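Please read this briefing next to the sequence and the 3D view. It is arranged by topic.

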Amino acid sequence: MSTRTTDLPARWQELFGEPAAMRLASADGPTGGNGGGGGGGGEDLAHSGGPWSKAAVAAGELRITTAEGLGRMAAAHEGVEAGTAGLSATAALAAVRASWEKRVAAVRDECGSVQSALRNVAREIGEIDENNRLRFSYLVTHRDASK
């Protein structure tokens, strides 16, 4: 069922001309329409949770890596104050270390927050895709049954 300019009021016909066709990925069946929903070109509108899930994994890995880095930094500095007591560089080293620990901890925490948000987006997109697939399947089934 398409809308043609002849179906529109005259003023709208002047303004909009012929409406563009719209196709959704997977609306034509399990392999999708023109582009197959896989980004292979064509005119389909498609998205998937794949990139969002991969980004969530990367954020999680970065969170773990920064947490491990904080642990290694703490272990590397054990005993430094006792071994360098009285040196002016000890206080400077402690200040720099505290600054870096604060920054790396902030990166670690942000990665955890971003990871959670990305997972939520991936889940929501997956749910939307699945709901749309089911609705289109229902429409196709009922359209075929009415013939």
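The model is predicted. The protein holds four helices and zero strands, and its mean pLDDT is 76.

**Fold and surface**

- Along the sequence the elements follow the pattern α-α-α-α.
- Of the 147 residues in the protein, 15% are buried.
- The accessible surface comes to about 10,800 Å², and carbon and sulfur atoms account for 58% of that surface.
- Counting contacts between residues at least 6 apart in sequence, 49% link residues at least 24 apart.

**Confidence**

- A pLDDT of 70 or more is reached by 66% of the residues.
- Confidence is highest in helix α2 (residues 50–76), with a mean of 91.
- Confidence is lowest in helix α1 (residues 10–16), where the mean is 68.
- Over residues 31–45, pLDDT stays under 50. For this stretch the model has 26 contacts beyond four places in sequence.

**Salt bridges**

- How many salt bridges does the structure hold? The count is two.
- One of them joins the side chains of Arg 97 and Glu 101, with an N to O distance of 2.9 Å.
- Arg 97 and Glu 101 are four residues apart in helix α4 (residues 88–145), so about one helical turn separates them.
- Arg 97 has a relative accessibility of 24% and counts as partly exposed. Glu 101, at 25%, is also partly exposed. Both assignments follow because the partly exposed class runs between the 20% limit for buried and the 50% limit for exposed.
- The side chains of Asp 109 and Arg 108 form a salt bridge as well, at 3.0 Å from N to O.
- Asp 109 is partly exposed, with 46% relative accessibility. Arg 108 is partly exposed too, with a relative accessible area of 25%.
- As background, side chains of opposite charge can pair when their charged atoms come close.

**Aromatic rings**

- The number of aromatic pairs is zero.
- A charge does sit over a ring: the charged end of Arg 103 lies over the ring of Trp 100, 5.4 Å from the ring centre.

**Two threonines**

- Which element holds Thr 66? Thr 66 lies in helix α2.
- Is Thr 66 buried or exposed? Thr 66 is buried, because its relative accessibility is 11% and the buried class covers values under 20%.
- Leaving out residues up to four places away in sequence, Thr 66 touches Val 104, Val 107 and Arg 108. Among these, Arg 108 also takes part in the salt bridge with Asp 109.
- Thr 90 lies in helix α4.
- With a relative accessible area of 13%, Thr 90 is buried.
- Which residues does Thr 90 touch, not counting those up to four places away in sequence? The contacts are Glu 81, Thr 84 and Ala 85.

Technical notes: Residues are numbered from 1 along each chain as its sequence is written. This is a predicted model: local features need pLDDT of at least 70, side-chain atom pairs count only at pLDDT 80 or more; totals for chains, interfaces and linings use all residues. Side-chain values use heavy atoms; hydrogens and water are left out. A salt bridge is a side-chain nitrogen of Lys or Arg within 4 Å of a carboxyl oxygen of Asp or Glu. Buried means under 20% relative accessible area, exposed over 50%, partly exposed in between (1.4 Å probe, protein chains only). Contact means heavy atoms within 4.5 Å. Rings of Phe, Tyr and Trp (its six-membered ring) pair if their centres lie within 6.5 Å; planes under 30 degrees apart count as stacked, over 60 as edge-to-face and the rest as tilted. A charge sits over a ring if NZ of Lys or CZ of Arg is within 6 Å of the ring centre and within 35 degrees of the ring normal. Accessible areas come from the Shrake-Rupley method with a 1.4 Å probe; for residues, only the protein chains shown count as cover. pLDDT is the predictor's confidence in each residue, from 0 to 100.
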